[in-house]
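Subject: Structure handover

Hello,

Here is the structure for you to take over. My notes on what was found follow below it.

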Amino acid sequence: MHIGIDARLPYYRTGGISTYIRKLIAALEQIDDRNRYTVFRSRKMRESLTTRFLQAGLWTPCHHQLERLALSLELARHRLDVLHSPDFIPPLRGARRHVITVHDLTFLHFPQFLTADSRRYYNDQIQAAVRHADHILSDSEATKHDMITMIDVPPGKITVHMLGVDDSFKPLPADELARVQAAYDLPPEYILFVGTFEPRKNIGGLLEAYELLLRRLPDSIPLVLSGMRGWLFEETMARIEQMKLGDRVLWREDTPRRALPALYNLARVLVVPSFYEGFGLTALEAMACGTVPIVSNRSSLPEVVGPVGLQIDPDDPQTLADALEQALIDDAWLAQMERAGLERAASFTWEKTAQVALSVYQAVN
């Protein structure tokens with residue numbers, strides 16, 4: 001087969017889907033030496049996304065209003081058997097068969113948490129995308145269930161492939177941790193959030209829970225927020241000022257990915273209080289580093305963490321404050337959860353993710 005992978009998104013943005021694209025390509029290069037692949041990246045991108053697959057540049061930008069038509073015209077000359085579109089929306093006709101990945105349906109669950117442009121791009125096209133696709137990959141059973149119940153996708157058209165975790169996420173030696181701690185001016189221990197600072201991530205609820213925690217434990221460790229500014233970031237900053245949390249909340253914006261394993265290692269606990277996650281890769285990365293996750297009891301997050309850590313109601317900051325208190329005062333429980341997290345994380349590999357994707361390519365051809 002000649003298989004194409006639409007890998008334009010990593011030029012335009014970082015984040016979970018871009019990580020998925022990069023890791024899926026790398027894993028497919030390791031496991032498949034029978035089929036021919038072309039990885040399509042933006043013509044503006046100088047970085048290589050492959051080690052042995054062919055690469056081709058495309059002019060069509062991501063999320064353009066004429067993207068589906070323009071991409072079809074650009075791909076026609078490549079005569080693909082299968083095109084995989086990892087960012088939800090396939091072209092009108094880019095190959096004989098089309099596979100898409102639907103990571104989540106946040107835009108249907110919580111349209112108020114998206115920008116108007118994002119709502120137009122996803123909400124207006126998702127129905128056509130799932131009808132047009134020959135098969136759909138999903139990151140979790142939760143997202144599969146959403147597609148079945150919310151947009152009437154037949155169950156047999158969806159295959160779940162849980163994501164993997166990179167080998168760099170692991171317990172690290174003390175000297176390496178000390179270097180990163182000094183470089184980013186991190187406290188000896190802290191509560192950690194990793195992700196885009198946007199409403200869906202429920203940073204407001206996290207701040208309320210942290211404020212409740214400080215009333216009980218005034219000498220509690222700081223809260224570190226690591227990520228990038230998203231939509232309505234100014235509202236989050238105004239909330240911090242209103243709460244007078246001051247230097248108890250530490251911002252570490254645009255932390256490079258190479259530093260993230262150390263950030264996880266140094267944290268007492270990771271918090272993922274999101275209202276919705278298609279997978280929740282940060283919880284998996286934290287477990288692989290031996291850091292205990294506290295996550296919302298919604299969407300895919302319970303699938304990722306299983307019995308490890310604690311699950312909270314994202315609409316009730318009190319439940320998060322209770323979980324944080326347990327993580328801070330119960331050393332024996334925390335040590336037990338750290339071991340359980342390392343064991344669970346070891347079962348999530350990008351090779352497994354790629355094997356499922358490859359089986360789907362073969363099935364639709």
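A133 sits in the loop between α6 (126–132) and β6 (135–138). Helices (H or I, at least four residues) and strands (E, at least two) are DSSP runs, numbered from the N terminus. This is a predicted model, in which local features need pLDDT of at least 70 and side-chain atom pairs count only at pLDDT 80 or more, while totals for chains, interfaces and linings use all residues. Residues are numbered from 1 along each chain as its sequence is written, and side-chain values use heavy atoms, with hydrogens and water left out.

Back to A133. Its relative accessible area is 3%, so A133 is buried (buried means under 20% relative accessible area, exposed over 50%, partly exposed in between, with a 1.4 Å probe and protein chains only). Leaving aside residues up to four places away in sequence, A133 touches H98, I100 and K157 (contact means heavy atoms within 4.5 Å). A133 and K157 are 24 residues apart in sequence, yet 8.9 Å apart in space, C-alpha to C-alpha.

Next, the sheet. Six strands form an open sheet, in the order β10-β9-β8-β11-β12-β13, with parallel pairing. Two strands pair if DSSP finds at least two bridges between them. The edge strands, β10 (249–253) and β13 (310–312), each pair on one side only. From one strand to the next, the twist averages 25°. Helix α9 (residues 203–216) packs on the sheet and touches β8 (191–194), β9 (223–227), β10 and β11 (269–272). The direction of α9 makes about 165° with that of β9. Axes here are lines fitted to C-alpha atoms, for helices over the stretch in contact, and angles run from 0 to 180 degrees between N-to-C directions.

Some strand details. β8 and β9 run parallel and are joined by four bridges. V194 has S226 as its bridge partner in β9. From β8, I191 and F193 point one way, L192 and V194 the other way, and all are buried. In a regular strand the side chains alternate between the two faces of the sheet. Strand β12 (residues 292–296) pairs with β13 in the parallel sense over three bridges. V295 stands opposite Q311 in β13.

Now the aromatics. The count comes to ten aromatic pairs. Rings of Phe, Tyr and Trp (its six-membered ring) pair if their centres lie within 6.5 Å; planes under 30 degrees apart count as stacked, over 60 as edge-to-face and the rest as tilted. The F107 and Y122 rings are stacked, because their centres are 5.1 Å apart and their planes are at 15°. F107 lies in helix α4 (residues 106–109) and Y122 in helix α5 (residues 116–123), so the pair ties together parts that are 15 residues apart in sequence. Both F107 and Y122 are buried. F88, F107, Y121 and Y122 form one aromatic cluster.

The whole structure holds one cavity of 30 Å³ or more. The largest cavity has about 60 Å³ of space. Its lining includes D6, R8, C62, P86 and Y121. On a 1 Å grid over the protein atoms alone, a cavity is a set of points where a 1.4 Å probe fits but cannot get out, and lining residues have an atom within 4 Å of a point. Grid points are joined across faces, edges and corners, and a volume is the space filled by probe spheres set on the points.

Best wishes

Methods
On a 1 Å grid over the protein atoms alone, a cavity is a set of points where a 1.4 Å probe fits but cannot get out, and a pocket is an open set with protein on both sides within 12 Å along at least five of seven lines; lining residues have an atom within 4 Å of a point.
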